[in-house]
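Subject: Structure handover

Hello,

Here is the structure I promised to pass on. Please open it first, then read my notes below.

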Amino acid sequence: MEKDKTNNKVIFKTGKLYELEMVADILKKNKIPFYKENESISGLRTAMVQPVQGPGQWFSILVPEQLTKEANNIISRSE
């Protein structure tokens, strides 16, 4: 059985949860698959299950590499 070899790329990174959720909502409405990630000041990256906002915390949205351009266009039109 071959594993999925999809490469995900970060298309958005912020320290503010409301900005992350706004971009996630835009992607959902346009049916773009994405993954939310939390990164601490130490560099540890985890799936965003229960976000913790504070100094040294970053939140990212990743999309499959082949959808990067489309996702960036959709986000930029929404600003």
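How close do the axes of α1 and α2 come, and at what angle do they cross? They come within 10 Å and cross at roughly 115°. The crossing of α1 past α2 is right-handed. On the α1 side, the contact is made by Val23, Ile26 and Leu27. On the α2 side, Ala71, Ile74, Ile75 and Ser78 take part. Of these contact residues of α1 and α2, 6 are nonpolar and 1 is polar. None is charged. Distance and angle are both given here, because two packed helices are described by the angle between their axes and the distance between the axes.

One caution before the rest: this is a predicted model.

**The chain as a whole**

The chain has 79 residues, and 33% of them are buried. It holds 2 helices and 4 strands. From the N terminus, the elements run β-α-β-β-β-α. The C-alpha trace spans about 40 × 35 × 15 Å along its principal axes. Take the contacts between residues at least 6 apart in sequence: 65% of them join residues at least 24 apart.

**The sheet**

The 4 strands form an open sheet. Their order is β1-β4-β2-β3, and the pairing is antiparallel. At the edges are β1 (8–14) and β3 (45–47), each of which pairs on one side only. From one strand to the next, the twist averages 35°.

Look at β4 next. This strand covers residues 58–64 and pairs with β2, residues 35–39, over 5 bridges. With β1, strand β4 forms 6 bridges, again in the antiparallel sense. Tyr35 stands opposite Leu62 of β4. Asn38 faces Phe59 of β4 from the opposite position. Lys13 stands opposite Ser60, also in β4.

Is β4 largely enclosed or open? It is largely enclosed by the rest of the structure, because 6 of its 7 residues are buried.

**The helices against the sheet**

Helix α1 (residues 17–29) lies across β1, β2 and β4. It runs at about 15° to β4. Helix α2 (residues 68–78) lies across β1 and β4. Its angle to β1 is about 25°.

**Two loop residues to check**

Start with Lys31, in the loop between α1 and β2. Its phi is positive, about 55°, although it is not a glycine. For context, most residues other than glycine have a negative phi. Lys31 has a relative accessibility of 72%, so it counts as exposed.

Then go to Gln57, in the loop between β3 and β4. Is Gln57 buried or exposed? It is buried, because its relative accessible area is 17%, under the 20% cut-off. The Gln57 side chain makes a polar contact with the side chain of Asn38, at 3.2 Å. Asn38 is the residue that stands opposite Phe59 in β4. Beyond its neighbours within four places in sequence, Gln57 is in contact with Gly15, Asn38, Glu39, Ser40 and Val52.

**Where to begin**

I would start with the α1 and α2 contact, made by residues including Val23 and Ile74. Then follow β4 between β1 and β2 in the sheet order. Finish with the loops that hold Lys31 and Gln57.

Over to you.

Best wishes

Methods:
Residues are numbered from 1 along each chain as its sequence is written. This is a predicted model: local features need pLDDT of at least 70, side-chain atom pairs count only at pLDDT 80 or more; totals for chains, interfaces and linings use all residues. Side-chain values use heavy atoms; hydrogens and water are left out. Two strands pair if DSSP finds at least two bridges between them. Axes are lines fitted to C-alpha atoms, for helices over the stretch in contact, and angles run from 0 to 180 degrees between N-to-C directions. Contact means heavy atoms within 4.5 Å. Buried means under 20% relative accessible area, exposed over 50%, partly exposed in between (1.4 Å probe, protein chains only). A crossing is left-handed if the near helix is turned anticlockwise from the far one by less than a right angle, and right-handed if clockwise. Ala, Val, Leu, Ile, Met, Phe, Trp, Tyr, Cys and Pro count as nonpolar, Asp, Glu, Lys and Arg as charged, and the others, Gly among them, as polar. A polar contact is a pair of N or O atoms within 3.5 Å; within protein, one must be able to donate a hydrogen and the other to accept it, and residues adjacent in sequence count only if both atoms are side-chain atoms.
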